[in-house]
Each structure stands twice: as C-alpha cells, then as structure tokens.
Amino acid sequence: MVNGRTPRVRVYVRERGGKRSFYPAPRTPDLAACYWLRYEKDGKQAWQRVGHYDLVAREKLLLERRLSAEAQGFILPEDQGAEKASGSRVTLRVAVDAYLESLRVKNRPTKTITGKTYELGLFTGFCKKSYMDELVSADMLGFRDYLRSEDYAERTVYNYLMTVTTFLKKNGVYRIVGLLEAEDWPEIPRTDPEPYIEEEVRALQAVATEYQRLVIRFFVGTGCREQEVAHVEWADINWVRKTVWIHAKPDYGWKPKTAAGTRTIPLPDALLTDLRTLQATSTNSLVFPAKMGGVEGHFLRMFQELGKLAGVSNVKCHRFRDTYITDKVREGVDLPTIRKWVGHEDLETLALYAEALRHDDERARAAANRQERYTLGPQLVKTA
C-alpha cells in the first residue's frame, strides 16, 4: 500500500558479550562495533545489518532511497534490473521473499516467520552475493565463522545455519543443496536432563496465583512442550478416558514438533477435577489462552517471574518436561510407553534420563560410600 511517507532509518550498534541488545550509535564512531540500521516496514520494526562503521553512511543512504521509492509505489531501476536480469537467474532477495511468503501461506506462526526473517536477514546482510547461483560453500562457512566471532552460542550457530539451509532447499524458486558437509556443522554438546526437585516446584506454586498453579501442574503433569500446552483446547480433553490429545492445529498454523508429537497423554485425577472447574468459567476454546484471548506466548516469562519471587534459579519451561520424564522413569514406567507419552521418536534421548537416575539413586550413593573402605588413618575433617 502506497502511503507516501518514507520510514525513518536510525543507526544502532549491538552490545556484545551475549546480551544481544541494541542501542543508538554513539556520536564518536566505535570502529570495533557492529552497526545496524533500524526502520519500519509494514508497521513492524525491521533491522538491516551493516557491519563496520565505514559502511554505515552508504548503506543508510541506499536504504532510505529504497524505502522512499517503495513508499511512493515504484521500484528503483537497479532493483528492477537485478530482479529481471535474466530468466535463469534469481536474486537472494526474491528467493527470501518467496520463502517467507510460503511460510505465511502455510499459516506458520507469526513468531516463527519473524524469527526466520531475522535469521535470513543476518545471512543476506553478511553475504555480499546478489544471485542464488553465486552461492558456494565458502559463503556458508563464512557465515558460520562470522556468527562464532560475534559470540553466538554453538547451538544458535547450528540453528541459524539450519534456517539458511532449509531456505536454500525450500524457497521454491531456486533450489540449492549440499553446501555444507557433515563435518562443517557445529558439534552440539549433549544436554543432560535438568529436572526440578520437588521443593522447587512447590516453591514456585507457593508464590503463584491459583490459575498459575494450574498451569504449572499441567506442565509437570503431562510433560508437554511449551507450544503444546499453549495450543491445547478443551475439545482435546477426554473427560471419560482422562486423557489429553496433542495434535496439529491448522487454524493456529501450528503442528507438533515431530510426527511422534501427535499423541494421547493420561491426566491425573486431581488435575482433571480442577480443569473442570476452570472450564466452567472459560469463554475460550483454548485451555490456557493469553490475556487478549489468543495463543499464550509468555509462559516462560511467567515462570521466570515466579522463580524470582520463590528464589528458584534456572527456571525453564522444558525443565517441567524433564521432571515429568524423570518421575516416570523413577516410577518404573517402561521407556517405550514414556516415549509415546512425551512424543519422542526414539529411545536414545530417554536413555539419558535413566542414566542420570543411575548416578543419583540410593544404590549409586551406597556404592560411592563403599569406596571409603580403602581409607587408612583418621579423617582430615572431624565430625561431631
């Protein structure tokens, strides 16, 4: 839509050290900083990476020129020429736009599209190639090394590379595969389970409202992921069989993480009773909707605020899932059954929970203490 108003472009630098926050560029140039341009597009805040200070003036001028042209309803000659240079050549810009549009058509969550837009913007801002057929392995490797130089965690580097790889393969206008070999990907260290101890869960509930306590009980009583809880509807609860059905929600543009994520989970009797009470006053099809009625996207924020009040550190939504799985392993439920309830595709991940328990149970402690039989002489620390 033509509005005739040119969005204002502001210059920012990004704070390093893992904080990932932006602040207006200082009057005195910071030659070591990474510069960004902030502007508004379609009513939303957008960012464009510039890089070093000596590129700021040129990139800001070019962006303002392009935005001004778009606001007046026409395309700059250089952009038009680049996009139509040849029937066999596709620009990165066209391919990215096509890919993001395909996500919108598939009703992917707005949060997902926003994230992909940012990550692909990082890549196109870093890569100086104009056409898809110019991309080579060195561009991907260079992007990987750039992310590392900017102190991104290896997990984040892996995720961003996966976003770009998926875009290259599924943009719909120019398919590229095989730019990265297996050894080129970051090695992600195995993440051990981090279940809450019983006292931590009780502490969180002690400072929570009645509604928040019910949310916590649903998380810890089902082992569901954050988005699974956010999309559970009243129709998914079978009050007779006492189960909840986790499955795709096309109306919300959401589906489970994997095929195994579609599953049925048994619910505790007491939780069912309190959910019945909540349903009696609910006017929403979602069990735990956001305040404005849509899909809740701030469970983590809620839990972290409770954690501050309760003195519980390292609060994460996924730790409730770890707690559920750990409890089921400890209770002796067989791993294939647990796998179905939590939606894992294989047993390898669940084996980590069983392994963690082997280091933590009474038998492990007794075995560790038996090693003291080799000790000669008095203890260095006297006990009363």
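Two strands are taken to pair if DSSP finds at least two bridges between them, and strands (E, at least two residues) and helices (H or I, at least four) are DSSP runs numbered from the N terminus. The structure is a predicted model, in which local features need pLDDT of at least 70 and side-chain atom pairs count only at pLDDT 80 or more, while totals for chains, interfaces and linings use all residues. Residues are numbered from 1 along each chain as its sequence is written, and side-chain values use heavy atoms, with hydrogens and water left out.

Strand S1 (residues 10-14) pairs with strand S3 (residues 35-41) in the antiparallel sense over four bridges, and Tyr-12 has Trp-36 as its bridge partner in S3. S1 is also joined by three bridges to strand S2 (residues 22-24), again antiparallel, with Phe-22 in S2 as the bridge partner of Arg-14. A further open sheet is formed by three strands in the order S5-S6-S7, with antiparallel pairing. Strands S5 (237-238) and S7 (263-266) stand at its edges with a single partner strand each, so one side of each is left without a neighbour in the sheet. Strand S6 (residues 243-246) is joined to S7 by four bridges, and Ile-246 stands opposite Arg-263 in S7.

Helix H12 (residues 317-330) has 14 residues and reaches 21 Å from its first C-alpha to its last, close to the 20 Å expected at 1.5 Å a residue, the expected span being 1.5 Å times one less than the number of residues. Eleven of the 14 residues of H12 are buried, so the helix is largely enclosed by the rest of the structure; buried means under 20% relative accessible area, exposed over 50%, and partly exposed in between (1.4 Å probe, protein chains only). Among the buried residues of H12 are Cys-317, Arg-319 and Phe-320.

The structure holds 17 aromatic pairs, for which rings of Phe, Tyr and Trp (its six-membered ring) must have centres within 6.5 Å, with planes under 30 degrees apart counted as stacked, over 60 as edge-to-face and the rest as tilted. The rings of Tyr-158 and Trp-185 have centres 5.2 Å apart and planes at 55°, so this pair is tilted. Tyr-158 is partly exposed at 26% relative accessibility, whereas Trp-185 is buried at 18%. The rings of Phe-219 and Phe-303 have centres 5.2 Å apart and planes at 85°, so the pair is edge-to-face. Ring pairs link Tyr-196, Phe-219, Phe-299, Phe-303 and Phe-320 into a cluster.
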